[in-house]
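Colleague: I would like to learn how to read the strands and helices here, and then a single side chain. Please start with the terms.

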Amino acid sequence: MAKGDDALARKRGKVRRKRMRSSENAVSTRVAAIIASKRRRKTGKRRGCEGMCFSLPCPEDPFNERHGKKRRTDDDAADADGDHKKKGKDSKKQPKERAMSGSNAIPVRKMKTEEDRPSKFLVVCLNAIRDAAGASDGDSGSIHDTSSWGMELWKSCAASPPLDVLDTSYAYATREQTSWLVSTACDIVARKEKLGVVVSCPFLLYLVPSQEKAVQVRSICKPLKSLGIHSVSLHPGTSIEHQISGLKSCEPEFLISTPERLIELVSLKAIDISNVSMLVIDGLSEFEALNLSPIINSVRRTISSDAQVTIFGGQCDQSSATVARNLLCGRITKLTTNDSVTSRSEFIAQHVQCCTPEEKTSKVKEILEHVLVEHASKTAKVLLVAANDHEAQKLTSSLKLEICTVPGDSSSTFTICSSMGLINVLVKDWKSLATTGVEEFEIVLLADLPPSFDDYVEILSRTARHVVAGEVHVIFSNSDAALAKPLSDVLASCGQNVPELLTKLTRTTPGSDV
């Protein structure tokens, strides 16, 4: 006996469900229900309850057979053709407005594009890491408390071209910072795949100095496996044969490794890191203490030259600054979650020159000549700060007479020309300094200290935010004796040299500790 269409459809559905249950890609009942609902929605055959959620019966369609879709009539087609002919060339320039009139009209807001903000997948990754951490140690963590730092990191990594990042918060990345970093990488991978770009594996290379740190970072990345992001950790705690066989069977998006084991596997051609898009160096000072800087530089030369680099390098010395300068190229972004003066002024050298008020002009000239020698291969940008507008004009006139200069766009700017190089100098007073982009200057020369020492700390924390290292030169005289103690404390806490005059004034200042 011939079977009806309904019976054949039920039989095909039964076979399909049996095949899904027995296949390797079997999904749960909940996911299968979602897939089936999506299939019905695309074919326009929703269940009765689902159809009611989207449309209601009307006199034209009392049984809701069209599922809310209007039937196109001949009059509607004629009206549409007439409206299309009336549109001119100027109609494309008009902003899109909602076709509503009267008091119920809703103003149209200019929405951000998807490229200007992170996707929802970033939040999904952060929540997955947070939930996994809460389930393991009973604490949900404070991942979202560092959202301002995470957004700045995302902007730098997602920029075109991406900007390198130097974080000076602590010696190592915190759990929250690592969570934001790997979630940002997941978001970038998802965006590339959405655009049809083939993402090479590994996409992220995370270098750590020890096996313990590798295990910690791997535990943070582990919840991302359910979202399609696979991570592998390589360290001396596991045999190299086991790691080679494991790398042959998978292509991880994230690779966490110690430098020695990574170089060993690369030499054996067990893994290819030439197409890595993001490089993370966690614990720059520890790498320097273990004498691993040559291996780090070798890894950097192996990967692509346009890869984005992020370094966590708080509590470092000048040798670490040299290593960071070799690893980071071009314009960078400095970030920190630590509000201490030491963290905010990391990699900034402070030089204090003591003289009398009459010798300030000659001392400024001497410092500028020193800058010419130290930065002979490039054009340096110097911000010169005076006490007030009168002192700034006086200092500018004296320098223009004593040094070979070229006038700039305004009376407060000039260029010092020499056979060794060029210096672009901008002269400002403390009152007009608030509107100046101090972050763009690599060198700041304070001819006069501010009345409040907080202003000096602000300048120190804002200098050279887009290069690795910077300099702050201070001209100190006896008239600045009230600022001797706080200046000495800042120099000592930052590991800078404290002049003998400051030490003497600190001991003789009333109220100071003897």
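Modeller: Helices (H or I, at least four residues) and strands (E, at least two) are DSSP runs, numbered from the N terminus. Two strands pair if DSSP finds at least two bridges between them. This is a predicted model, where local features need pLDDT of at least 70 and side-chain atom pairs count only at pLDDT 80 or more, while totals for chains, interfaces and linings use all residues. Residues are numbered from 1 along each chain as its sequence is written, and side-chain values use heavy atoms, with hydrogens and water left out.

Colleague: In what order do the seven strands of the open sheet lie?

Modeller: Strands of a sheet pair through backbone hydrogen bonds, either parallel or antiparallel. Here the order is β3-β4-β2-β5-β6-β1-β7, with parallel pairing. β3 (231–234) and β7 (332–335) are the edge strands, each pairing on one side only.

Colleague: How many bridges join β1 and β6?

Modeller: Three, between residues 164–167 of β1 and 308–312 of β6. Asp167 has Phe312 in β6 as its bridge partner.

Colleague: Which strands does helix α6 lie across?

Modeller: Axes are lines fitted to C-alpha atoms, for helices over the stretch in contact (heavy atoms within 4.5 Å), and angles run from 0 to 180 degrees between N-to-C directions. Helix α6 (residues 147–158) lies across β1, β5 (278–282), β6 and β7, at about 170 degrees to β7.

Colleague: Is Arg462 buried or exposed?

Modeller: Buried means under 20% relative accessible area, exposed over 50%, partly exposed in between (1.4 Å probe, protein chains only). Arg462, in helix α17 (residues 453–462), has 17%, so Arg462 is buried. Its side chain reaches the backbone oxygen of Thr436 at 2.9 Å.

Methods:
Polar contact = N/O pair within 3.5 Å; in protein donor to acceptor, adjacent residues only side chain to side chain.
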